[in-house]
Amino acid sequence: MKKLFLVFVLILSQLSFAQTAKEIIDKNIELSGGLTNWKLLNSVLLQGKVILGIKDEYPIKIYQQRPNLTKTVISIGGKETAIEGFDGTKGYAMNYAANKLQVYPEYVSESFDNDFIDWENKGFDAKYLGKEKVGEIYCHKVELTKNVNKNIYYFDVKTYMLLKEIKKDETLVYADYKKVGNLSMPFRIESSSTKKDGDFVMILNRIDANKVFPANTFRF
């Protein structure tokens, strides 16, 4: 009887964690603008600067459009140069050794929405991992798992904004949230990566939402 009781308590505990994870994700979506407004977002243009290493700094523009179109452009010596993107069929990235854009057949473009928008319908499992500090801020720690893919998200316990994301080979830290229309978006993104030259700090000064891009925007 005691053994059955312990099993029952364990099941309830797991259900409680799953429910808590869902509540945290739902709260983030609600307080950052609401699910309807996120689904009405069809394109964004991010503008600012990217800092590589200690002092390599470049103006940057990132174009993104549903479902997974993307193009990153930096300015070098006043000249804009596309360095990465996906045109809907092929993925491209700069080959710095050859100093030219190269097609990457296995390039995987990320979805326009983040994973926790409609996470249940996408087939993710959510698990609450307790609280942990990001800097001096306590955060709810939530894990999303799908097949072998596993990401960990840290949500501010007070504002529920996403402050940190840990992927397989990259950690992203988000800060300086501001309103873009009805949505709250981070204007500072810091990346540390296991990939060579993958670390950067991006500081944005402008984000345009639902901007209509010219038809050739995502051509390379």
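Modeller: We will take the terms in turn and set each value against its cut-off.

Biologist: What kind of model is this, and how confident is the predictor in the protein chain?

Modeller: The model is predicted. The protein chain averages a pLDDT of 89. In the chain, 90% of the residues score at least 70.

Biologist: Where is confidence lowest, and where is it highest?

Modeller: Helix 1, residues 2-31, is lowest, with a mean of 66. Strand 10 is highest, at 98. Over residues 2-18 the pLDDT is below 50. Beyond near neighbours in sequence, that stretch has two contacts in the model. Where pLDDT is low, the predicted coordinates should not be read in detail.

Biologist: What makes strand 10 and strand 11 a pair?

Modeller: Two strands pair if there are at least two bridges between them. Strand 10 (residues 162-166) and strand 11 (residues 170-180) are joined by three bridges. E165 has L172 in strand 11 as its bridge partner. The two strands form a hairpin with three residues between them.

Biologist: How do you know that strand 11 also pairs with strand 12?

Modeller: By the same test, at least two bridges. Here 10 bridges join strand 11 to strand 12, residues 183-193. These strands run antiparallel as well. Y174 stands opposite I189 in strand 12. This hairpin has two residues between its strands. In the turn, G181 has a positive phi of about 65°.

Biologist: Why is S191 called buried?

Modeller: S191 lies in strand 12. Its relative accessible area is 4%. Buried means under 20%. The value is under the cut-off, so S191 is buried.

Biologist: What makes the link between the side chains of S191 and E170 a polar contact?

Modeller: The limit for such an N or O pair is 3.5 Å. The side chains of S191 and E170 make their polar contact at 2.7 Å. That value is within the limit. S191 also touches T171, L172, G198, D199 and F200, leaving out residues up to four places away in sequence.

Biologist: Which residues touch the most other members of the largest nonpolar core?

Modeller: They are I25, F116, L144 and M185, in a core of 37 residues.

Biologist: What does I25 contact, leaving aside neighbours within four places in sequence?

Modeller: I25 is in contact with F116, W119, A126, V142 and L144.

Technical notes: Residues are numbered from 1 along each chain as its sequence is written. This is a predicted model: local features need pLDDT of at least 70, side-chain atom pairs count only at pLDDT 80 or more; totals for chains, interfaces and linings use all residues. Side-chain values use heavy atoms; hydrogens and water are left out. Helices (H or I, at least four residues) and strands (E, at least two) are DSSP runs, numbered from the N terminus. Buried means under 20% relative accessible area, exposed over 50%, partly exposed in between (1.4 Å probe, protein chains only). A polar contact is a pair of N or O atoms within 3.5 Å; within protein, one must be able to donate a hydrogen and the other to accept it, and residues adjacent in sequence count only if both atoms are side-chain atoms. Contact means heavy atoms within 4.5 Å. A nonpolar core is a set of buried Ala, Val, Leu, Ile, Met, Phe, Trp, Tyr and Cys residues joined through side-chain atoms within 4.5 Å. pLDDT is the predictor's confidence in each residue, from 0 to 100.
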